[in-house]
Amino acid sequence: MEKRMYKVEKEDEQKRLDVYIVEKMPIEISRNLIQNAITKGQITVNGTQKKPHYKVKQGDEIQIDFHELVEETKEEEILPENIPLNILYEDEELIVINKPAGLIVHPTPSIKTGTLVNALMYHVKNLDKTMQDPNRLGIVHRLDKETSGVLVVAKNAFSHHLLSKEFKERKTMKYYLVLIEGTLKEKEGEINLPLGRHPILRHKRAVVYNGREALTEYKVLKEFGDLATLVWIRLKTGRTHQIRVHFKYIGNPVIGDSLYGKNKIAKNLQIPVDRQMLHALKLGFYHPKSNEWMEFLAPLPDDFKNLLITLTNLKGRNS
């Protein structure tokens, strides 16, 4: 499929055209490249060429020559790599992975090796390599590089379409465990704060008044004195960096988060924390072919469990 069409929704109204496209593209493409594509007429609004700074309006139909953009971002072919995978389930339609922290889900313009896609190309023999985006073969949803846990990948275009639709329509179930700094005043509740790109630091997300709806349901499971809190989370939406930004905003950043947190615990108590303590614990969805409801649990990795033990021991000594 060479052409893609996006219809502007009310929540995106008045955004610059180039910013809107960067946010909507399913692969990472620089803003400069998007601006060049707009100037070349590879991106049009209601059939006409616009400037990159054009402010989009609700109902605008934006057409993108996706093939041309992908061709321009290709620096080298994505190759299979023998990267070990912890496979929780696999059938002819999909594969469910327990992703380790440190593994990037899909290649980017600057990273072409060492990703989950490279591993899938090696391990999954019936993976349909004709799916429209070679950089995101079968990827339905993603986890940040340093987030561990359960992830589902489609093996063909049919399953990819139906699973993607489930995630978009919020028919899936996503549970997480997270260790945050400090304690929460409300031990159970929901964070309802809209998220969008940071107005200055474009690689970050932030709570912004005109952002997209973001809902995070949470419940405190265990407190480690005033040091830290173990929290159960149900994601009702799936915005980029949602959990990390929401808890940073309310003053309780995720422990080990180098982008949004200050790692006070690791620095002050000299506890080794090499990544953000966020784990995708459980995922539920309807099988794309049988329509059977399926749930998968990803056991906590050793580094998360070891930190829980360390915090428990610290709490015991301080009590």
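I began with helices α1 and α2, which are oblique to each other (angles under 35 degrees count as roughly parallel, over 145 as roughly antiparallel, 65 to 115 as roughly perpendicular and the rest as oblique). The model is predicted, with pLDDT of at least 70 required for local features and 80 or more for side-chain atom pairs, while totals for chains, interfaces and linings use all residues. Residues are numbered from 1 along each chain, and side-chain values use heavy atoms, without hydrogens or water.

I noted that α1 (residues 17-24) and α2 (residues 31-40) pack at about 120°, their axes 9 Å apart (axes are lines fitted to C-alpha atoms, for helices over the stretch in contact; angles run from 0 to 180 degrees between N-to-C directions). Helices (H or I, at least four residues) and strands (E, at least two) are DSSP runs, numbered from the N terminus. I listed the contacts (heavy atoms within 4.5 Å): Leu 17, Asp 18, Val 19, Ile 21 and Val 22 of α1 meet Arg 31, Ile 34, Gln 35 and Ile 38 of α2.

I then traced an open, antiparallel sheet of three strands, ordered β1-β3-β2 (strands pair if DSSP finds at least two bridges between them). β1 (3-7) and β2 (43-45) are the edge strands, each with a single partner, so one side of each lacks a neighbour in the sheet. β1 pairs with β3 (residues 61-65) over five bridges, and Arg 4 has Ile 64 as its bridge partner in β3. I found α1 packed on this sheet, touching β1, β2 and β3, with its direction at about 65° to that of β3.
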